[in-house]
Amino acid sequence: MSRVLSEIFRGNRAERIVGVLNVRALSAGSASNSDSYDIVIVGGGIVGTATARDLKQRFPNYKMAIVEKENGLAMHQSGHNSGVIHAGIYYKPGSLKAKLCVEGLQMSYKYCDDKKIPYKKVGKLIVATNPAQVDLLHDLHERGKKNKVAGLELIKGEKSIKAKAPACTGLEALWSPSTGIVDWAVVTKSYGADFQKGGGAIYLKFEVTGFEEAKDGAHPVLIKSRSGKTLKAKYVLTCGGLQSDKLAQMSGCPASPKIVPFRGEYLLLAPEKAHMVPTNIYPVPDPRFPFLGVHFTPRMDGSIWLGPNAVLAYRREGYKWYDFHLGELMDAVLFPGFRKLAVKFLVPGLGEMFKSFYTPALVKDLQKFIPAVETKDVKAGPSGVRAQALDEQGNLVDDFYFDMKKGQGSGSVSERVLHCRNAPSPAATSSMAIGKMIADKITDEFKLKKA
Ligand SMILES: Cc1cc2nc3c(=O)[nH]c(=O)nc-3n(C[C@H](O)[C@H](O)[C@H](O)COP(=O)(O)OP(=O)(O)OC[C@H]3O[C@@H](n4cnc5c(N)ncnc54)[C@H](O)[C@@H]3O)c2cc1C
């Protein structure tokens, strides 16, 4: 297998790994009625696969499977993101988010080196373009230093900024040399390949629709799928991203925190202007808002993505503005927490919607950093949908949130199905550290011992 993998990494990595996974992946239709596993992980995104990989390495004799509703891994957030390896500058010192990001960055670089997954350490500039942002930039610098982000440097004046990015303008900037870029879908598929290599099974097109008591002493949880096929498990972990609250409700957990989908749309910069963006260029984030702001991101294929914005998606997996599902939209807007959030962010929210339809307004924001970017240089690009967890009060859930019905009911389903309802961004960068943390939690919660 290792020879097969090294051959894959010499060629077109993403596609050929999918090819390997497809050869060995079991579709829902091929699950015998009903296969039994020690642990089943629901969700083939980067969090589910990183955790599955970690669990398989620590319990090699356990029979494990990943089940994924799509026809491949990384089909949602893990395959639709900015592709940045974040350095850990923004997060509150001492917080789990900061710790996991800084650890995750180091683990990601090492993993990519070991597996020969291509990445580029292109660095990142966070640029203050007006005097009011300079103090905020200094605060970020302090935060970054407290979080032990390597090599941070404050650079003052236009000339020093231009030394890093000749087309960029600004008053002062924070330079982060350890920030990088990678294709997180390739990393997710590689975690999946490791899991398979260790003996784990991957079921694609297996959409979980419910959990029931299996009436099997050894494997008491029955996992039902849309196709009618079932699996049995001793323990289940769900890492369902945009569907994580729905999966939690399937084992009797409450509806809240709720996932509200926010689409992030990107513009593509004309290839002849790509040379203007040799590094990531970010604004100083406005502390009143939850997202990082529209940025310039070089991609592994040489293209430049500009964005993402943040607008309500009219369906959970709605990648286009016209993707609409009445039930899912009503589900979001009737949630009291969403209405409170909408009131709180009414003005900036409307501004984001306006810029989503009127590109020149978005280009105006981008020109604060690179004045030479013009509307004619950009066109609509891809998009991603963020799984934003919200509580009833309209607060954004910014921390990990695990749920299990344990103690509130009886039976195996309430005691053996653990849900990761929120894995906050940058969960791709932090994925290996998150995988380890969740694997520790499962080992502890279910008192797992080496077989
Ligand atoms: C626009 C955008 C930009 C971002 N940029 C960055 C970045 O630059 N760097 C970074 O580190 N992070 C970034 N992030 C965050 C990062 O991409 C996510 O935090 C991460 O991918 C989440 O992974 P996940 O496994 O939790 O979710 P997902 O990747 O969404 O995976 C969940 C999986 O569960 C499956 N599933 C759901 N329900 C079921 C079911 N019933 N049965 C079976 N399977 C099911 C889904 O099909 C899906 O494959 C970004 C996110 C977005 C949206």
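## Basis

The model is predicted: local features need pLDDT of at least 70, side-chain atom pairs count only at pLDDT 80 or more, and totals for chains, interfaces and linings use all residues. Residues are numbered from 1 along each chain as its sequence is written.

Helices (H or I, at least four residues) and strands (E, at least two) are DSSP runs, numbered from the N terminus.

## The sheet S4-S9-S5

Three strands form an open sheet in the order S4-S9-S5, with antiparallel pairing. Strand S4 (84-85) and strand S5 (119-120) are at the edges with a single partner strand each, so one side of each has no neighbour in the sheet. Two strands pair if DSSP finds at least two bridges between them.

S4 pairs with strand S9 (residues 180-182) in the antiparallel sense over two bridges. Opposite Val84 stands Ile181 in S9.

## Helix H14

Helix H14 (residues 431-445) has 15 residues, which at 1.5 Å a residue should span 21 Å; its end C-alpha atoms are 20 Å apart, in agreement. The expected span is 1.5 Å times one less than the number of residues.

Buried residues of H14 include Ser431, Gly435 and Ile442. A residue is buried if 20 or more other C-beta atoms, placed from the backbone, lie within 10 Å of its own, exposed if 12 or fewer, and partly exposed in between. Just after H14, Lys447 takes a positive phi of about 50 degrees.

## Lys115

Lys115 lies in helix H4. It counts as partly exposed because Lys115 has 18 C-beta neighbours inside 10 Å. The C-alpha atoms of Lys115 and Ala372 are separated by 39 Å, and the two residues are 257 residues apart along the chain.
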